[in-house]
Amino acid sequence: MKGLMKFDHPVIPLLGRLLMSYVYLTSGYAKVVDWSGNIAYMSHHHLPMIPLLLASAAIIEIAGSVCLVTGYQARWAAFVMFGYTAILTLVLHNYWANTGDLAGMQETHFRKNLAIMGGLLMLTFSGPGGWALGKKRD
């Protein structure tokens, strides 16, 4: 059994990077194609400088996803995306300020984001793995 399980194969971190980037890439794309809808959503949360924040979010999500997928500068991208996700989690998924079903839904989003943040920190620590652009070959 030991010979069958190869947990250090370079496809594993690649799959992890692809899975983590999916949520950000689709969210960044949605920000671009539904700009006005996202402005309305952010207005509902009384955020300042909405166009600047929305543009910054789209850039972080799309550029960060490209870095995660390719592995190029993946540690830095993961670190920035960790901070971005931490801020959004506290601002937009503050379940403690809600009641009933809304509180439960926001708590689920909060916990999901904590798991994503954990994955981003692991990537920041360990790097993108063997299959990554810009990786120095020995």
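Biologist: How many aromatic pairs does a search of the whole structure find?

Modeller: The search finds 4 aromatic pairs. A pair of aromatic rings is described by the distance of the centres and the angle of the planes. Rings of Phe, Tyr and Trp (its six-membered ring) pair if their centres lie within 6.5 Å. Planes under 30 degrees apart count as stacked, over 60 as edge-to-face, and the rest as tilted. One of the pairs is Tyr95 with Trp96: 5.2 Å centre to centre, 70° between the planes, edge-to-face.

Biologist: Before we go on, what sort of model is this?

Modeller: This is a predicted model: local features need pLDDT of at least 70, side-chain atom pairs count only at pLDDT 80 or more, and totals for chains, interfaces and linings use all residues. Residues are numbered from 1 along each chain as its sequence is written, and side-chain values use heavy atoms, with hydrogens and water left out.

Biologist: Why is the pair of Trp96 and Phe110 edge-to-face?

Modeller: Their planes are at 85°, with the ring centres 5.7 Å apart, so the pair is edge-to-face. This pair links distant parts of the chain, 14 residues apart. Trp96 is in the loop between α4 (74-92) and α5 (100-126), while Phe110 is in helix α5. Helices here are DSSP runs (H or I, at least four residues), numbered from the N terminus. Ring pairs link Tyr95, Trp96 and Phe110 into a cluster.

Biologist: Are Phe110 and Tyr95 buried or exposed, or in between?

Modeller: Start with the cut-offs: buried means under 20% relative accessible area, exposed over 50%, partly exposed in between (1.4 Å probe, protein chains only). Phe110, at 13%, counts as buried. Tyr95, at 25%, counts as partly exposed.

Biologist: Which residues of α3 are buried, and what covers them?

Modeller: The buried residues include Ile50, Leu54, Ala57, Glu61 and Leu68. Their cover includes α1 (11-33), α2, α4 and α5.

Biologist: Which residues make up the largest nonpolar core?

Modeller: A nonpolar core is a set of buried Ala, Val, Leu, Ile, Met, Phe, Trp, Tyr and Cys residues joined through side-chain atoms within 4.5 Å. The largest here has 11 residues, among them Met20, Tyr24, Ala57, Met81 and Ile116. α1, α3, α4 and α5 each give two or more residues to this core. The largest share, 4 residues, comes from α4.

Biologist: What does Tyr24 touch?

Modeller: Contact means heavy atoms within 4.5 Å. Not counting residues up to four places away in sequence, Tyr24 touches Glu61, Ser65, Met81, Tyr84, Thr85, Ile116 and Leu120.
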